[in-house]
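Please walk me through this protein chain.

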Amino acid sequence: MKKKSPEILIEEIKCETKVPYIFQAVLETVLGFFLIFSPIDTTNIAFIVIGSIITAYGVFDVISFITNHRPYSFRQGLFSGVLITVIGVAFIVQANELINLLSIILGTLIIIESIINVRRALIMKNLEFGYWFIPFIISFVTMVLSGVIVLYPGVFGYDGLIHIITGIVFIIVAAVDIWSIFVIFRNGKDVVKEYEKEKSNAIVVKD
């Protein structure tokens, strides 16, 4: 693989070591434990929260259309507002019937996070971290497993087992998140300092 230019590597290091990503990993861990130890209750609460947010957004759209506070056409304002409100209420009222939908949603999020961790593993490789292949392999496995969760949720049964498995995968992904961010920060800070020093010296010489 062709080695990345210093500018791109520095940008990736700065991008992947932001505090919100650590906070996100902590939330993933907490959600994972809730899914493992209380899968049904967690699913119901999650749907109520998601449904409430969607309903509030839909109601706001309808009110904005009626009061003319936003420049909506009929189709954009009324139709979308009512549709979003109905979907939100359905999430709240039909939480038990939609139990497997949550795993599909969470599985999709895990796929996205796993792809991000594959990218982080490649950054670790560019930083010459010897064990970069471990998060790479783990992320690839979690991506495949999450694909199964999304495409074939019924294969794990419908008694909460799928949420327990999803919770375990979430914790694994969160652990890889934290490890990758730590390694990129630790191995990358000297690279960033050296690059900025060289860049500063180059500017001084140019002047």
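Buried means under 20% relative accessible area, exposed means over 50%, and partly exposed lies in between, with a 1.4 Å probe and protein chains only. This is a predicted model, in which local features need pLDDT of at least 70, side-chain atom pairs count only at pLDDT 80 or more, and totals for chains, interfaces and linings use all residues. Residues are numbered from 1 along each chain as its sequence is written, and side-chain values use heavy atoms, leaving out hydrogens and water.

Q: Which secondary structure elements make up the protein chain?
A: Helices here are DSSP runs of H or I with at least four residues, strands are runs of E with at least two, and numbering starts at the N terminus. From that end, the order in the protein chain is α-α-α-α-α-α-α. The total is seven helices and zero strands.

Q: What percentage of the 207 residues of the protein chain count as buried?
A: The protein chain exposes about 12,200 Å², and carbon and sulfur atoms supply 73% of it. Those areas come from the Shrake-Rupley method with a 1.4 Å probe; for residues, only the protein chains shown count as cover. Of the 207 residues, the buried part is 36%.

Q: Among contacts between residues at least 6 apart in sequence, what percentage join residues at least 24 apart?
A: A contact means heavy atoms within 4.5 Å. For the protein chain, the value is 76%.

Q: Which residues does the salt-bridge network join?
A: A salt bridge puts a side-chain nitrogen of Lys or Arg within 4 Å of a carboxyl oxygen of Asp or Glu, and the count here is two. Arg120 bridges Glu113, with the closest N and O atoms 3.7 Å apart. Arg120 also bridges Asp177, with the closest N and O atoms 3.0 Å apart. Shared partners make one network of Glu113, Arg120 and Asp177.

Q: What arc do the buried residues of helix 6 cover around the axis?
A: The buried residues of helix 6 are Pro135, Ser139, Thr142, Ser146, Gly147 and Ile149. They sit on the same side of helix 6, because their arc around the axis is only 155°. The arc is taken from the directions from the helix axis to the C-beta atoms. So the value is 155°.

Q: Which residues form the edge-to-face pair at 6.0 Å centre to centre?
A: Rings of Phe, Tyr and Trp (its six-membered ring) pair if their centres lie within 6.5 Å; planes under 30 degrees apart count as stacked, over 60 as edge-to-face and the rest as tilted. By this rule there are five aromatic pairs. At 80° between the planes, the pair asked for is Phe129 and Trp179.

Q: Where in the chain are Phe129 and Trp179?
A: Phe129 is buried, with a relative accessible area of 11%. Trp179 is partly exposed at 29% relative accessibility. The two are 50 residues apart: Phe129 is in the loop between helix 5 and helix 6, and Trp179 is in helix 7.
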